[in-house]
Amino acid sequence: IRGKTMIGDGGGPFNSPARAITGPTWSFTTAGTPPAPATDGSRVLADAYVRGGQYGNTNYGNASELITKFTADAGYLREAYMVLDISGVQPGQTTRLRLFGKLSDTRAASVETAIVPLTTSGWTETTVTWNNRPAAGSDTWGTVAVSGTTAKWYDIDITSQVQALRTAGETSVAIALRGIADTLPYVTFSGRETATAPQLVITP
């Protein structure tokens with residue numbers, strides 16, 4: 001009989017009536033696995049970069065990259081913008097902006113980019129230019145130091161800012177990516193059209 005051990009009854013022959021020896025019953029439980037972070041590139045609703053100087057009326061909304069650079073030469077100035085869908089963020093959840101970026105060359109070890117909220121809306125990725133670019137606020141949500149010419153992921157914690165916006169009833173937010181110091185390399189981040197698009201990582 002499967003699952004039980006049979007012995008003869010009272011020391012008789014093995015073909016005598018048998019009885020089952022039963023033992024304690026053991027039960028096992030498996031610890032629950034925490035839910036994985038919700039990583040979703042589709043939460044980036046729009047993105048584009050703009051360039052100053054003689055490129056001030058050029059739109060780069062269809063580019064697959066987002067370029068940032070600060071410099072005294074207006075023709076090399078670049079800023080990037082994106083709109084994030086934060087409607088799925090619940091109270092108490094951690095929210096990080098994840099960017100895939102690299103430097104254009106090795107003339108600096110690293111270059112910092114600031115994340116700044118925009119104070120105006122209404123721009124679109126197919127029409128925004130340097131000359132009609134949206135205004136940015138004075139607050140900085142965080143910075144990221146991009147290093148090397150091999151692209152890799154960078155995470156910026158924006159939990160407190162997103163939670164405040166959700167409390168106020170907001171379902172989306174527009175931000176700018178801006179260079180901080182005048183450096184020779186520029187920073188390139190992957191745009192939302194790519195396989196390494198910007199992402200929101202929401203952790204329960």
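**Stop 1: the cavity**

Searching the whole structure turns up one cavity of 30 Å³ or more. On a 1 Å grid over the protein atoms alone, a cavity is a set of points where a 1.4 Å probe fits but cannot get out, whereas a pocket is an open set with protein on both sides within 12 Å along at least five of seven lines; residues with an atom within 4 Å of a point are lining residues. Points are joined across faces, edges and corners, and a volume is the space filled by probe spheres set on them.

This is a predicted model, in which local features need pLDDT of at least 70 and side-chain atom pairs count only at pLDDT 80 or more, while totals for chains, interfaces and linings use all residues. Residues are numbered from 1 along each chain as its sequence is written, and side-chain values use heavy atoms, with hydrogens and water left out.

The largest cavity has a volume of about 40 Å³. Select Thr 68, Lys 69, Phe 70, Val 111 and Thr 183, which are the closest to its centre among the 13 residues that line it. Strand E8 (residues 110-117) gives the most to this lining, with three residues. Helices (H or I, at least four residues) and strands (E, at least two) are DSSP runs, numbered from the N terminus. By class, the lining of the largest cavity has seven nonpolar, four polar and two charged residues. Here Ala, Val, Leu, Ile, Met, Phe, Trp, Tyr, Cys and Pro count as nonpolar, Asp, Glu, Lys and Arg as charged, and the others, Gly among them, as polar.

**Stop 2: the whole chain**

Zoom out and colour by secondary structure. Of its 204 residues, 41% are buried; buried means under 20% relative accessible area, exposed over 50%, and partly exposed in between (1.4 Å probe, protein chains only). Among contacts (heavy atoms within 4.5 Å) with a separation of 6 or more, 78% are between residues 24 or more positions apart.

**Stop 3: the largest pocket**

Select Val 83, Pro 117, Leu 118, Thr 120, Ser 121, Gly 122, Trp 123, Leu 165, Glu 170, Ser 172, Val 173 and Ala 174, which line the largest pocket. Its volume is about 220 Å³. Strand E11 (residues 172-179) gives the most to the lining of this pocket, with three residues. The pocket lining has seven nonpolar, four polar and one charged residues.

**Stop 4: salt bridges**

How many salt bridges does a search of the whole structure find? There are five, a salt bridge being a side-chain nitrogen of Lys or Arg within 4 Å of a carboxyl oxygen of Asp or Glu.

Show the side chains of Glu 79 and Arg 178, which form a salt bridge with N to O at 3.0 Å. This pair links distant parts of the chain, with Glu 79 in strand E6 (residues 78-85) and Arg 178 in strand E11, 99 residues apart. Glu 79 counts as buried because its relative accessibility is 11%. Arg 178, at 28%, counts as partly exposed.

Next, select Arg 96 and Asp 155, whose side chains meet in a salt bridge (2.3 Å, N to O). Arg 96 lies in strand E7 (residues 94-103) and Asp 155 in strand E10 (residues 152-157), 59 residues apart. Salt bridges that share partners join Arg 96, Arg 98 and Asp 155 into one network. Asp 155 has 34% relative accessibility, so it counts as partly exposed.

**Stop 5: the nonpolar cores**

A nonpolar core is a set of buried Ala, Val, Leu, Ile, Met, Phe, Trp, Tyr and Cys residues joined through side-chain atoms within 4.5 Å. The largest one has 30 residues, and those with the most contacts inside it are Met 82, Leu 84, Leu 97, Ile 115, Ile 158, Ile 175 and Phe 189. A second, separate core of twelve residues includes Tyr 81, Val 83, Leu 118 and Ala 174.

Centre on Leu 97. Leaving aside neighbours within four places in sequence, Leu 97 is in contact with residues including Met 82, Tyr 154, Asp 155, Gln 199 and Leu 200.

**Stop 6: Ala 46**

Finish at Ala 46, in strand E4 (residues 44-51). Not counting residues up to four places away in sequence, Ala 46 touches Tyr 81, Met 82, Val 83, Trp 123, Glu 125 and Arg 192. Ala 46 counts as buried because its relative accessibility is 14%.
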